[in-house]
Number of protein chains: 2
Amino acid sequence: MGVESQFLAEYDPTAYPSVAVTVDVVVLTIRDGALSVLLVERAEHPYQGRLALPGGFVRDETLDEAARRELAEETGLRPGEDALARVHLEQLRSYGDPGRDPRMRVISVAYLGFAPSLPDPQAGGDAAKAAWFPVETVRDLAFDHGLVLADGLERARAKLEYSPLATAFLGPEFTIAELRAVYAAVWGEQLHAGNFHRKVLSVPGFVESTGETTTRGGERGGPRARLYRTGDAVLLHPALLRPTREEQVR
Amino acid sequence: MGVESQFLAEYDPTAYPSVAVTVDVVVLTIRDGALSVLLVERAEHPYQGRLALPGGFVRDETLDEAARRELAEETGLRPGEDALARVHLEQLRSYGDPGRDPRMRVISVAYLGFAPSLPDPQAGGDAAKAAWFPVETVRDLAFDHGLVLADGLERARAKLEYSPLATAFLGPEFTIAELRAVYAAVWGEQLHAGNFHRKVLSVPGFVESTGETTTRGGERGGPRARLYRTGDAVLLHPALLRPTREEQVR
DNA sequence: ATAATAGTGTCTTTTAGACAATATGCG
DNA sequence: CGCATATTGTCTAAAAGACACTATTAT
């Protein structure tokens, strides 16, 4: 018995109806100080006209490649472009409840992305209207994308605690104040400037100095700030914990 | 244009060849003090005779249900059984590289389980030989299951730090020493008894006293230990961090 | 000049971890 | 009895967090 026919014998199409696999991407960025997510307006049924996460079917490629391809298509960035390469992408989790898509059984592998400031999306080719939306204003997404977004936000908030990925929201050089603004936007909390500053510099490998400073002070005054780039740490130790949330413990 | 036909128009079978979706389960338990994983011997090609994670095709059910069903089938536990209900199961991540299964494109949604001591698996019905193996002895798994297992172990180790899930490896009542043995087995490190004891009791909601003690002391002497059950915390705060691994930070 | 901000200093509280001490109960 | 173990005590170091202070620069 050949491998193929044997497999098909095990694979009873009645018991296992055909399944589609898609990737959906939660790409986050900071725009005007607000944590924002890339959404597209659906052109077709179901959920026509509703906002949804960018995504599409997986082709003959890895899941990671599918996620990056979808991201490129929806942002209108060229695959080789530097800005695209600087987006951090990681798998979030998969969603496969029967009925989550009314058309057929669809398993969606969701990805989470952290992007530096990007140009406004160009509705490149077949892509529907895409735009950045502050996450606080988002509601009534298509499919179960509201749940996916919520899971992505929680992952992002947790990730900033123990990984240096906050720097993925910034350019190659940044000030401690800019880094603090990322944490404030993602966590939705103000952070104490002095303590944050000392803490960041005390974590080995989080950031390294460039030796340079900004060419001018802040908008409303203040000294020039030193510039840093991302260090070589992959884990923050000790971690930068969110302000105590005793309430959320139980 | 109907919803179905419209979908099919978008879904070009050339560009998107048919895909199978499976669940694979990394179930961990503590046996004789060693962290162990449930594996099955493959009866069929490919990888005939090799050990693999238990798993199978997703039917008309949620992914979570599929994982619990596969777990029940491979352990021989009845679906309604109490022991099965006490197994903690959570989604790990998905694996979908083209070529990871030589027969066709297979996307596998992996689950991670924490089980209390279970009876030896009964090769229930069509299930292949299943048994528990100490994770340290495992090698050469079928497919990419070695990678899946490694990811599951890392998740389990991290999870013990900030969640009370270590108690899922134990019965409903346990001593602090038993809990410490779980941490030692999963992390592969000895922990200081005195400091561990005080730390566990200091974390709000981690464990609560039953007021009872064991009926006799340890095998080789010592006083009777107090018994505890799992508390109502879902997050440990402050967390129980692994002994410093400065080395692994970069 | 005024106000805002970068960066540093100081102090208190919490937590981690090393180590010791005491009491209990098995063989 | 002798030893292993449960539990508690003590002390030190690391880290978190509150708050104050100085220097710098935009307006």
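A residue counts as buried under 20% relative accessible area, as exposed over 50%, and as partly exposed in between. This cut-off is needed below for two residues of this predicted model.

**Positive phi values**

Tyr47(B) is not a glycine, yet its phi is positive, at about 65 degrees. The residue sits in chain B, in the loop that runs between strand 2 (34-41) and strand 3 (51-52). Its relative accessibility is 28%, so Tyr47(B) is classed as partly exposed.

Asp140(A) also has a positive phi, near 55 degrees, and is a residue other than glycine. Its place is the loop between strand 7 (130-134) and helix 4 (145-162) of chain A. Is Asp140(A) buried or exposed? Asp140(A) counts as exposed because its relative accessibility is 56%.

| Residue | Phi | Relative accessibility |
|---|---|---|
| Tyr47(B) | about 65 degrees | 28% |
| Asp140(A) | near 55 degrees | 56% |

**Cis peptide bonds**

In chain A, the peptide bond that joins His45(A) and Pro46(A) is cis, and its omega is about -10 degrees. Pro46(A) belongs to the loop between strand 2 (34-41) and strand 3 (51-52) of chain A.

In chain B, a cis peptide bond leads from His237(B) to Pro238(B), with omega near 0 degrees. Where does Pro238(B) lie? Pro238(B) is found in the segment after strand 9 (226-230) of chain B.

Note on methods:
Residues are numbered from 1 along each chain as its sequence is written. Chains are lettered from A and ligands numbered from 1 in the order in which they are written. This is a predicted model: local features need pLDDT of at least 70, side-chain atom pairs count only at pLDDT 80 or more; totals for chains, interfaces and linings use all residues. Side-chain values use heavy atoms; hydrogens and water are left out. Helices (H or I, at least four residues) and strands (E, at least two) are DSSP runs, numbered from the N terminus. Buried means under 20% relative accessible area, exposed over 50%, partly exposed in between (1.4 Å probe, protein chains only).
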